[in-house]
Amino acid sequence: MYSVDISYDPWQYLTAENFLPPDRWEEFQRLAVIEMDAYRDKDRLTPSGKWIRWLDEDILPETNVLHKEMERFREPPKNVKKIMHWAVCPPNYTMPMHCDYDARFFTSVLYVSPPKTFGTILCKNDSEYGDYGDNRNTSFESNEYELEVPWKTNKVFAFNNLPKAWHYYKAGDEPRLCLQSFFVDTDKIVEGKEEWDHLIDIDSKYYS
């Protein structure tokens, strides 16, 4: 059984190592082979430069309870769905520094492969964030300091969204594969976002 570790520097987040039991982890290793084959066969990347594939069913319900382990920064909304996708960062890729946009009020990431790479880098940064316009991004030079959540396969990194939770991630010499999941307030999803086509029903017991 995994154990949860909650940290507060530079902002509140959760990690859980050896998250899935051996049989479930073996299943995800098999899925990882399929996703890496798909990544190599297709050239289509997102505007940010990584490869993603949206899912239409919840293949990792185990993460749905994790947000209750942490302090809430707002009450869960009435209209909640889950979205999730596989994400592959190409070798030597860096995701631009960002905050999760307002509709996403809980984020969890399962680290899948390779055995060694970079984790998620958290930033102490007081820059304001907004879903639109110039406040969507800020410069790395504006960080007061950075802290890496180290990579380990079968590890979950999660947080309840809060203002100024700036972060980014990057890959080493090999592609970096993880499964990203979010609880979203459907009343706040920005028009044109792909998740409109991949909303997954979720029992209210997980977020109420």
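**Contacts, burial and charges**

Modeller: Let's start with contacts, meaning heavy atoms within 4.5 Å. Setting aside residues up to four places away in sequence, Thr186 touches Asn79, Lys81, Trp196 and Leu199. Do keep in mind that this is a predicted model, where local features need pLDDT of at least 70, side-chain atom pairs count only at pLDDT 80 or more, and totals for chains, interfaces and linings use all residues. Residues are numbered from 1 along each chain as its sequence is written, and side-chain values use heavy atoms, with hydrogens and water left out.

Biologist: Where does Thr186 lie, and is Thr186 buried or exposed?

Modeller: Thr186 lies in the segment after strand E10 (176–185). Strands (E, at least two residues) and helices (H or I, at least four) are DSSP runs, numbered from the N terminus. For burial, under 20% relative accessible area is buried, over 50% is exposed and the range in between is partly exposed (1.4 Å probe, protein chains only). Thr186 counts as buried because its relative accessibility is 17%.

Biologist: Which residues does Asp185 touch, and how far away is the nearest side chain of opposite charge?

Modeller: Asp185 lies in strand E10. Leaving out residues up to four places away in sequence, Asp185 touches Pro77, Asn79, Ala103 and Phe105. For charges, Lys and Arg count as positive and Asp and Glu as negative, while His and the chain ends are not counted. A salt bridge asks for a side-chain nitrogen of Lys or Arg within 4 Å of a carboxyl oxygen of Asp or Glu. Asp185 is buried and has no salt bridge, its nearest side chain of opposite charge being Lys188 at 4.4 Å.

Biologist: What is the salt-bridge partner of Lys188?

Modeller: Lys188 pairs with Asp102, and their closest N and O atoms are 3.1 Å apart. Asp102 sits in the loop between E4 and strand E5 (104–113) and Lys188 in the segment after E10, so the bridge ties together parts that are 86 residues apart in sequence. Both ends count as partly exposed, with Asp102 at 31% and Lys188 at 36% relative accessibility.

Biologist: How many salt bridges are there in the whole structure?

Modeller: A search of the whole structure gives 11. One of them joins Asp58 and Lys82, with closest N and O atoms 2.9 Å apart. Asp58 is in the loop between strand E3 (51–54) and strand E4 (80–89), while Lys82 is in E4, 24 residues apart from it. Here the two ends fall into separate classes: Asp58 counts as partly exposed at 23%, whereas Lys82 counts as buried at 1%.

Biologist: Which residue does Glu128 meet in a salt bridge?

Modeller: Glu128 meets Lys164, at 3.4 Å from N to O. Glu128 is exposed at 51% relative accessible area, and Lys164 is partly exposed at 27%. Bridges can also share partners, as in the network of Arg24, Glu27 and Glu62.
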